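The following note sets out points for a colleague who is examining this model. It begins with an annotated domain and then turns to the ligands and the division into domains.

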Amino acid sequence: MARYTRLTEPIALITLNNPPVNALSSAVRSGIVDSVSQALKDDQVKAVVFCGENRMFSGGADIKEFSGSMSGPPLVRMIHSIEASEKLMVAAIEGVALGGGLELALGCHYRVANTKARLGLPEVTLGFLPGAGGTQRLPRLTGITAALELITTGRQISAQEALQLGIVDQVTEGNAVQAAMELALSVIGQPLNPRRLSLRPPVWSADVDSVCEVALARVKQHSRGAMAPVACVQAVRAAAMLPYSKGMEKERQLMDTLFRSSQARALQYAFFAQRNAGKWSLPNGARWNNTKARDVQRVGVIGLGTMGRGIAVSLVKAGLSVVALESDAKQLESGKKAVTAMLQRDAQRRGVGSPLHLLTFALSFHQLKDVDLVIEAVFEDMNLKKRVFSDLCKVLRAGTLICTNTSGLNVDELAKVTDRQHLVVGMHFFAPAHVMKLLEVVYGSRSSPEAVAVAMALGKRIQKVCVAVGNCPGFVGNRMLKLYMDQSLYLLEEGATPEQVDQALEEFGFAMGIFKVADLSGLDVGWRVRKASGLIGPDIDPVNPSRWRLGQRYCPLPDMLCQQGRFGQKTGRGWYLYNSPGSKEAKPDPEILNFLEDYRLKYGITPQRISSQEVIERCAFSLANEGFRILEDGIAAGPEDIDVIYLFGYGWPRHRGGPMFYASQVGLSVVLEKMEHYHRIHPDVPSLEPSRLLRRLVAEGSPPIQQWRNHIKNLHSQL
Ligand code: CAA
Ligand code: NAI
């Protein structure tokens with residue numbers, strides 16, 4: 001797990017060897033301790049160079065070990081003895097040096113990095129802090145301001161930036177081990193005390209308090225309710241105020257609190273859930289590791305509206321060539337301008353050449369004849385999409401995949417009009433598509449495993465977090481979102497205000513409450529969908545609309561707002577008031593409060609006092625309850641996939657893991673009890689009825705979330 005090699009006369013090499021990222025597992029730490037002691041015993045050895053197998057220094061502590069009881073040599077003590085050693089220690093960084101990996105390098109007396117290496121202390125993203133001296137050593141190298149930024153965000157930096165910040169001593173385009181050896185040979189014999197960061201005094205300066213205040217305000221705003229960033233500020237502040245040993249005590253105290261916190265568990269769960277999402281499986285047994293994806297080089301994008309533009313940009317940025325098609329010259333021109341500007345801005349920002357040569361703009365389907373895959377992003381209209389799909393079949397090569405970006409239409413129905421049902425899948429991007437990381441890959445009943453593999457691989461290539469989901473109205477994300485939105489609207493009917501609901505959700509950790517999000521997306525979008533699906537029609541009285549449609553409770557409030565031209569930010573008025581159309585600052589609107597009061601009076605609803613707890617329970621538990629139904633229906637393979645969808649597509653706070661993880665943390669029996677309670681009070685809302693799977697899991701003793709997949713398998717085998 002750590003290989004000891006004698007190099008030239010005075011140098012020993014210790015190679016961390018734990019693929020794929022050389023995580024500092026208990027065995028690796030033991031190997032390092034043994035190797036260091038071997039080097040110390042060998043009189044011929046004057047210097048030790050640390051490196052990682054396969055040109056990858058280290059991805060830090062082994063996160064898998066955090067859930068069990070820790071064993072092996074403690075990292076803090078190990079790094080301390082490396083730093084205290086009388087022999088010269090040099091880190092040769094290639095690949096990444098992250099978390100404990102960078103802390104190990106900071107314990108060395110010199111650091112050399114390859115130009116392509118990335119360095120960082122991402123512990124905050126896992127719910128704790130760099131607890132192996134990172135919060136005390138890094139500020140002593142970079143100063144407080146840079147250390148605060150790096151440690152509270154977990155941002156990874158390039159070797160060049162690390163050099164500028166003083167984190168590494170040398171950057172090389174060549175082999176870092178070779179460069180580290182040369183450096184070692186040139187400094188052997190020089191005093192080591194000045195290189196031992198723990199011996200440096202606190203990095204106090206007169207503005208420490210104000211710098212920390214600013215950092216604290218920033219982290220509180222950015223990561224609402226997350227404990228780790230706040231603790232990171234406190235730990236770094238200790239590096240400015242206290243000698244090293246006292247600072248380490250502070251680091252340990254803060255780490256002890258964070259390490260076993262529910263937030264740390266949620267964030268570590270999210271880390272693995274994100275990585276597992278790519279390991280898709282279909283109900284028919286096809287999986288990521290038994291299905292081959294063929295290569296895609298040329299992609300057609302149909303429709304250059306809001307979504308098509310972002311999709312085209314994502315594809316081109318990843319080096320794919322794109323043929324972008326619109327319905328008429330005017331639309332094409334406006335799409336072309338927007339896509340070109342986005343790509344040019346991005347190239348400028350990244351200091352790279354513009355990739356516009358990869359783009360072709362087209363008005364005729366014939367120009368798509370050579371593409372390997374098409375992504376359709378025309379209006380959400382089944383008939384239009386069917387026309388596009390059948391026209392495509394007349395020009396595309398036989399093996400070309402046809403993908404739809406529909407938000408929730410039936411993928412099977414679309415596939416039926418084609419001559420290649422097995423090559424049709426959904427690729428559901430999220431707006432803005434060049435920014436949002438989530439991609440739902442929707443397989444229909446006829447989609448081939450290969451088609452799913454191709455869409456998943458393409459998504460990964462354009463750096464999306466891809467989740468394979470089954471075909472049902474709204475798929476996973478939007479199917480659940482509908483119930484979340486419904487609950488928020490019912491809360492307004494029953495006595496809450498948009499601000500109250502949003503505040504409760506923001507305090508829970510959402511970056512934006514649901515009504516602010518609705519104003520941002522545009523209330524008219526859902527209005528059009530409801531009209532198309534027959535929920536709003538000529539037989540509905542616009543002044544006194546019914547609160548009962550298609551056999552269920554219905555809240556007509558958003559329709560009534562749209563009738564008043566309140567479409568959200570774009571019209572300057574929606575659930576909130578804005579200074580002008582397009583402005584972003586949401587202010588409570590007294591007109592909305594009056595409107596809600598009149599509405600309740602008209603329908604004889606006695607307003608209730610709604611607590612924040614009720615808001616969270618009804619919104620979050622409804623999401624989870626529908627998530628259980630989705631698992632029952634086999635639309636998602638496991639709870640982790642649902643959580644990844646909510647983390648990357650819907651702004652669910654990462655330190656709460658996702659709706660399914662949240663339900664598991666609150667306790668399934670509590671969720672069940674609450675859903676029964678709310679369903680009793682609102683029998684006219686069938687979605688509040690606890691799902692079968694939730695009941696079953698509670699009956700089976702509320703197993704941990706990692707075991708739910710087995711229970712779901714059993715449930716399916718009994719159906
Ligand atoms: N511990 C355990 N497993 C890890 C790991 C770690 N630190 N880092 C990555 N892995 C695993 C992943 O789960 C994945 O496993 P599977 O193949 O079984 O899915 C595999 O290694 C490859 O990971 P990625 O798919 O993420 O590969 P990548 O090439 O895209 O990225 C990486 C590599 C940049 C190192 C990325 O994995 C990463 O960011 N890892 C986490 C780094 C981190 O947060 N380190 C801090 C750990 S905490 C710490 O160090 C605390 C302390 O000192 C006290
Ligand atoms: P949009 O209205 O912004 O753009 C649609 C574009 O398609 C228009 O530019 C239109 O000219 C073009 N178009 C229409 N018919 C065409 C044809 N026959 N050939 C070529 N182009 C044609 O719509 P938006 O928002 O981009 O939505 C597109 C699809 O993406 C819809 O299915 C929608 O449900 C889905 N979607 C939308 C999201 C959003 O937030 N806007 C999020 C995720 C999916």
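1. In an unreviewed entry, UniProt lists residues 474–578 and 615–702 for "domain: 3-hydroxyacyl-CoA dehydrogenase C-terminal". The structure discussed here is a predicted model, and the two annotated spans may be described in turn. Residues 474–578 are 51% helix and 4% strand, with the end C-alpha atoms 30 Å apart. For residues 615–702 the figures are 67% helix and 0% strand, and 24 Å lie between the end C-alpha atoms.

2. The protein as a whole is divided into domain 1 (2–260), domain 2 (291–475), domain 3 (496–602) and domain 4 (612–718). Taken over C-alpha atoms, the centres of domain 1 and domain 3 are separated by 51 Å.

3. Which residues come nearest to ligand 1? Of the 23 residues around this ligand, they are Gly-59, Ala-61, Gly-100, Arg-275 and Lys-279. Lys-279 contributes through its side chain, where an N or O atom is 2.7 Å from an oxygen atom of ligand 1. On its own, ligand 1 has 980 Å² of accessible area, of which the protein covers 74%.

4. Helix H3 (100–107) and helix H11 (262–277) are the elements that give two or more residues to the shell around ligand 1. H11 gives the most, with 3 residues. By class, this shell has 13 nonpolar, 4 polar and 6 charged residues.

5. Ligand 2 is surrounded by 23 residues, the closest being Met-307, Glu-326, Glu-380, Lys-385 and Ser-407. A polar backbone atom of Met-307 is 2.8 Å from an oxygen atom of ligand 2. Side chains also take part: a polar side-chain atom of Gln-331 lies 3.1 Å from an oxygen atom of the ligand, and an N or O atom in the side chain of Asn-405 is 2.9 Å from an oxygen atom of ligand 2. The protein covers 79% of the 830 Å² of accessible area that ligand 2 has on its own.

6. At least two residues of the shell around ligand 2 come from each of helix H12 (306–317), helix H14 (382–395) and strand E15 (424–429). The largest share, 3 residues, is supplied by H14. The residues of this shell divide into 11 nonpolar, 9 polar and 3 charged.

How values were computed. Residues numbered from 1 in each chain as written. Chains lettered and ligands numbered in written order. Predicted model: local features only at pLDDT ≥ 70, side-chain atom pairs only at ≥ 80, totals over all residues. Heavy atoms only, no water. UniProt positions renumbered as here; feature names shortened; annotations may be inferred. Near = heavy atom within 4 Å. Polar contact = N/O pair within 3.5 Å; in protein donor to acceptor, adjacent residues only side chain to side chain. Areas by Shrake-Rupley, 256 points an atom, 1.4 Å probe, with all protein chains shown as cover. Nonpolar A, V, L, I, M, F, W, Y, C, P; charged D, E, K, R; others polar. Domains from an automatic or database assignment.
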